[in-house]
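Open your viewer and let us walk through this model together, one selection at a time.

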Amino acid sequence: MSYEQPDERGHFGPYGGRFVAETLMGPLADLERAYREARGDPAFQAELAADFRDYVGRPSPLYLAERLTAHARGARIYLKREDLNHTGAHKVNNTIGQALLARRMGKKRLIAETGAGQHGVATATVAARLGLSCVVYMGAEDIARQAPNVRRMRLLGAEVVSVTLGSRTLKDAMNEAMRDWATTVDETFYVIGTVSGPHPYPTMVRDFQAVIGQEARRQFLEREGRLPHALVACVGGGSNAIGLFHAFLDDAAVALYGVEAAGKGLASGRHAAPLTADSGRGVLHGARSYLMFDEDGQIRDTHSISAGLDYPGVGPEHAWLKDSGRARYVAVDDEEALAAFHTLTRLEGILPALESSHALAYAQTLAARLGPEAALIVNLSGRGDKDVETVAAYEGASTCRA
Amino acid sequence: MSRIKDTFAALAGTRAALIPFITGGDPTLSATVPLMHALVRAGADLIEVGMPFSDPMADGPAIQMAHQRALAAGATTRAIIDLVAAFRRDDTRTPVILMGYVNPVEVMGYGVFARACQTAGVDGVLLVDMPPEEAVEWRAEASRAGLDTIFLLSPTTSVERLAVIGAASTGFLYYVALKGVTGASHLNVAEVAARLAIVRKSAALPVGVGFGIRDARSAAEVGRFADAVIVGSAIVEKMAAGTSTEAAIAGTEAFVRDLRAALVRGGGARS
């Protein structure tokens, strides 16, 4: 059976949709129309493909991590090297697509929200290249813990606006970006960084990120002459996971694992794992999905060592994939992610992003369970240069406490 | 039958209705009912009470901070509904509209929320981030409980959408006067008047105008062509400025009295 989601109004089963104030309904309809036209336009697709090749450096390699495989004592672990993309993460696949669409729509100004700063950097990068102005909203707490990316955005000419209300992280940055967009909607294109937000964003971002899985499927078939047993990717909003999974959705034998951030542990309540913790369904930032909230429906503060996963919701397609049973969702805590960060760095000479480290931690457990005859692909969604300070600070603090 | 309908009918052809907005539970739960009575004394025709939400995406800083103060003071959706019930013990005439965001209502359950509102004496509900396209189930529950469902119109609403929104609305239509969030200050009255003339061609209901009305002068200007003038952030700021709760309520009452005085006979285009 072939996979056909979402419906014409952006619903993935009961999830997704378009829950925004009236001011944004017209602009979202315009965006949907413009995107539909662009998607069917061979010239747009050709320009996107050329940018992927010449500017991003695609296809990204599929790398067999032999020493990590030996360490995990099980299935062969392949890494899809999105960390080798220009700007150092998968985020640029989406920002290039949206920026080309913005130019096509005649918009002169890009805005974005960012958590870890990777999406902000990727947006600032394409804005510089296309000569568009750029404003990035970032929670004050994230500005403190991802300082290198803040400096990069400013070097690229973007204005970085510190968001000091609420929990001062990704969700608050997204609130502020939506407020900006409602005010400046005529000239502004809102570049959402993940498969979340109101329709058509979850579908559009998925389509731009789907190149990850399309390449990985082809590369794996060439290498192994068969399909992998499993795919593993971290899930905050979930764009790198959807990007990897999508080309494999109709391959029923390929198991899909999304890895959320368990933070200080699911039992502590201080996590960012709405799917794994089955925290209930709600509406935030324009879509219905799994969401973390209290008994009154107020959105709860989340925690993760990785700013990019520190978000109380998740893209609506993941909610649908969980309910349908097609994908499974698990969670990895701060300590396990940190251990995986060190393991990959020392065994393979690759510094992974803390976000991707969550996927790497679970992949080792899964590899041991699947055994040496199997093979799996982990999406190495970003590089960890931005996290060097965070890791040092975290371990310094741990050492002091010990 | 509907307090909202009766109120607009009584004012038709005389002047625009005045609808002040306050955030329920700001700064404390015990301040809200006395404040509502003060608004009525000052001349409010309907009252809009905001249900606090952790992530008020359509609101500017003044109402965002009011939501944070209210949540810190222990306000919940149920507590706000209870405040309306307490208000109703002494005022059975003034229509009360709850305004909020979808998630707390969805978590409580549309039917449970609607019945609680009905029991408390709430007259209408506006869920900011729920357009009619997503509101089929909510409208059915609201209708069953006799609640008016109020939806927003904005400067970006197409003529085709006007019909969709008009068909889903009861009570009145809420025209958002500018592109932006609550509390913005770039209101262009002539532009609003022109847009409202278009809206009226397809609207069977009274049309209230809100967002960007900050003082008696702008209230008077908008009141010349709107059926209702809705003032939010400027009132919430008056509440925040008081040195004590009593002083804040008194200051807010005086401000609303000035707004009301500005809505002179002869305003209100619909007769």
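How many residues does the contact take from chain B, and how many from chain A? Chain B contributes 33 residues and chain A contributes 28, where two residues are in contact if their C-beta atoms, placed from the backbone, lie within 7 Å.

Before selecting anything, note that this is a predicted model, in which local features need pLDDT of at least 70, side-chain atom pairs count only at pLDDT 80 or more, and totals for chains, interfaces and linings use all residues. Residues are numbered from 1 along each chain as its sequence is written, while chains are lettered from A and ligands numbered from 1 in the order in which they are written.

**Stop 1: the side of chain B that touches chain A**

Select α3 (61-72), α5 (102-108) and β6 (152-153) of chain B: each supplies at least two residues of the side that touches chain A. Helices (H or I, at least four residues) and strands (E, at least two) are DSSP runs, numbered from the N terminus. The most comes from α5(B), with six residues.

**Stop 2: a covered strand in chain B**

Stay in chain B and pick β7 (residues 173-176), a strand with both faces covered. Leu173(B) and Tyr175(B) on one side, and Tyr174(B) and Val176(B) on the other, are all buried. A residue is buried if 20 or more other C-beta atoms lie within 10 Å of its own, exposed if 12 or fewer, and partly exposed in between, with C-beta atoms placed from the backbone. Leu153(B) has Tyr175(B) in β7(B) as its bridge partner.

Zoom out to chain B as a whole, and you can count 12 helices and nine strands. Of its 271 residues, 56% count as buried.

**Stop 3: the two domains of chain A**

Switch to chain A, with 15 helices and 14 strands. Buried residues make up 61% of its 402 residues. Colour domain 1 (11-53 + 91-198) and domain 2 (57-88 + 206-401) separately; these bounds come from an automatic or database domain assignment. Their C-alpha centres lie 22 Å apart, and 41 residues of domain 1 are in contact with 42 residues of domain 2. On the domain 1 side of chain A, 16 nonpolar, 18 polar and seven charged residues touch domain 2.

**Stop 4: the largest nonpolar core**

Which residues have the most contacts inside the largest nonpolar core? They are Ile77(A), Leu231(A), Val232(A), Leu376(A), Tyr174(B) and Val229(B), in a core of 221 residues. Such a core is a set of buried Ala, Val, Leu, Ile, Met, Phe, Trp, Tyr and Cys residues joined through C-beta atoms within 7 Å. Highlight helix α14 (residues 354-370) of chain A, which gives the most to this core, with eight residues. Domain 1 and domain 2 of chain A both give residues to the core, so it lies between them.

Finish on Leu231(A): not counting residues up to four places away in sequence, Leu231(A) touches Leu244(A), Phe245(A), Phe248(A), Val254(A), Leu256(A), Tyr257(A), Leu376(A) and Ile377(A).

Conventions
Ala, Val, Leu, Ile, Met, Phe, Trp, Tyr, Cys and Pro count as nonpolar, Asp, Glu, Lys and Arg as charged, and the others, Gly among them, as polar. Two strands pair if DSSP finds at least two bridges between them.
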